[in-house]
Amino acid sequence: VGTAAGLAFEGYVPFLCSFGCFVTGRYDQIRLSVGYSQAGVRIIGTHAGVGIGDDGHSQMGLEDVSLMRAIPTMAVLQPADEFETKQMIEFLAKGDSGYKGPAYIRLTRQNMPAVHDENYRFQFGKLDLLKAGDKVALIGTGAGLPEATEAVKILEQKGLKPTLVNIHTIKPLDKDGLVKLKSHKLWVTVEDHSVIGGLGSAVAEVIADEGLPVKLIRIGVQDEFGESGEPVELYEKFGLTGKQIAERIFKEGL
């Protein structure tokens, strides 16, 4: 971490990579050498969430967004697919991209299905509206987005027309973009991360700060540890599947 910060001060754009749970374990060094010093280090945290499967909780990054989001000057990003990942890395690698500060990029172990195509253009700090609807807004990030997408399909079969949003920049969060969804009665955040301090908390802060008249459901790992198992089994156990998300929304009687 110290070496990366030093390289940044010498004009380089260093990328520091390890498992999300391990790299954020160097929190004190990141907080001071990178965050406080405003060093333009790009920290890549891989193997995020319970989706890594058999390796179990010791390898799962479930608190990394909470930690990194709390550091002043630190941007927190999580791409949804290959196209977004490539453009995000290219943006952060360019010294003239317009963003000079430190950044944390959260990646999965498993491959993500394509949400975008070659025509997609990543915009730092702007939410990505994938489908416009009404009443319900599903707001996903990273590995949570495919499950949110599946939930939308199920809801559509039942006559609902949900809005689907991809949040690739968790910090700085697109407050203005979220406020535009205030006509929706229900917002549902979906993330393979603890519901404490992650995307759900960030969206809840916007609702509170802006006084929005919406109800929020936070789908993610509750206040508990992950465990070992097949990814599909773990998503079922922690209530992260598209089917479970749709069922939770149906209970709201919309």
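I began with Trp187 and listed its contacts (heavy atoms within 4.5 Å). Not counting residues up to four places away in sequence, Trp187 touches Ala137, Ile139, Leu178, Leu181, Lys182, Val203, Ile207, Leu212, Val214, Lys215, Leu216 and Ile217.

I noted the basis before going on. The model is predicted, with local features needing pLDDT of at least 70 and side-chain atom pairs counting only at pLDDT 80 or more, while totals for chains, interfaces and linings use all residues. Residues are numbered from 1 along each chain as its sequence is written, and side-chain values use heavy atoms, with hydrogens and water left out.

**Entry: cores**

I looked up the nonpolar cores next. A core here is a set of buried Ala, Val, Leu, Ile, Met, Phe, Trp, Tyr and Cys residues joined through side-chain atoms within 4.5 Å. Buried means under 20% relative accessible area, exposed means over 50%, and partly exposed is in between (1.4 Å probe, protein chains only). In soluble globular proteins, nonpolar side chains tend to be buried together.

Which residues touch the most other members of the largest nonpolar core? They are Met74, Leu178 and Trp187, in a core of 32 residues. At least two residues of this core come from each of helix H1 (2-9), helix H3 (27-36), helix H4 (64-69), S6 and helix H8 (199-210). H8 gives the most to this core, with 5 residues. Another core, of 29 residues, lies apart from it and has Ile52, Ala143, Leu145 and Ile219 among its members.

**Entry: the sheet**

I took helices (H or I, at least four residues) and strands (E, at least two) as DSSP runs, numbered from the N terminus. Two strands pair if DSSP finds at least two bridges between them.

I found an open sheet of 5 strands in the order S5-S7-S6-S9-S10, with mixed pairing. Strand S5 (128-131) and strand S10 (215-221) stand at the edges with a single partner strand each, so one side of each has no neighbour in the sheet. On average, neighbouring strands of this sheet are turned by 25° against each other, direction ignored. For angles, axes are lines fitted to C-alpha atoms, for helices over the stretch in contact, and the values run from 0 to 180 degrees between N-to-C directions.

I then checked S9 (residues 186-194), which runs parallel to S10 and is joined to S10 by 6 bridges. Trp187 has Leu216 in S10 as its bridge partner.

**Entry: helices across the sheet**

Helix H6 (residues 144-157) lies across S5, strand S6 (136-140), strand S7 (163-166) and S9, and runs at about 175° to S7. I checked its length against the expected span, which is 1.5 Å times one less than the number of residues. The 14 residues of H6 should span 20 Å, and the end C-alpha atoms are 20 Å apart, which agrees. Its buried residues are Gly144, Leu145, Glu147, Ala148, Ala151, Val152, Ile154 and Leu155. The cover over the buried residues of H6 includes S5, S6, S7, S9, H9 and H10. Gly159 follows H6 and has a positive phi, near 95°.

Helix H10 (residues 242-250) lies across S6, S9 and S10 and runs at about 145° to S9. In H10 I listed Gly242, Gln244, Ile245, Ala246 and Ile249 as buried. These residues pack against S6, H6, S9, S10 and helix H9 (231-237).

**Entry: Arg42**

Is Arg42 buried or exposed? Arg42 counts as buried, at 2% relative accessibility. Arg42 is in strand S2 (residues 42-46). Leaving aside neighbours within four places in sequence, Arg42 is in contact with residues including Phe15, Leu92, Tyr99 and Ile105.

**Entry: salt bridges**

I counted a salt bridge where a side-chain nitrogen of Lys or Arg is within 4 Å of a carboxyl oxygen of Asp or Glu. The structure holds 8 of them.

Lys86 and Glu82 form one (3.0 Å, N to O). Both lie in helix H5 (residues 82-93), 4 residues apart, about one turn of the helix. Lys86 is partly exposed at 48%, and Glu82 is partly exposed at 48%.

Glu227 and Lys237 form another, with the closest N and O atoms 3.6 Å apart. Glu227 lies in the loop between S10 and H9 and Lys237 in helix H9, so the pair ties together parts 10 residues apart in sequence.

Glu252 and Arg248 also meet in a salt bridge (2.8 Å, N to O). Salt bridges that share partners join Lys215, Arg248 and Glu252 into one network.
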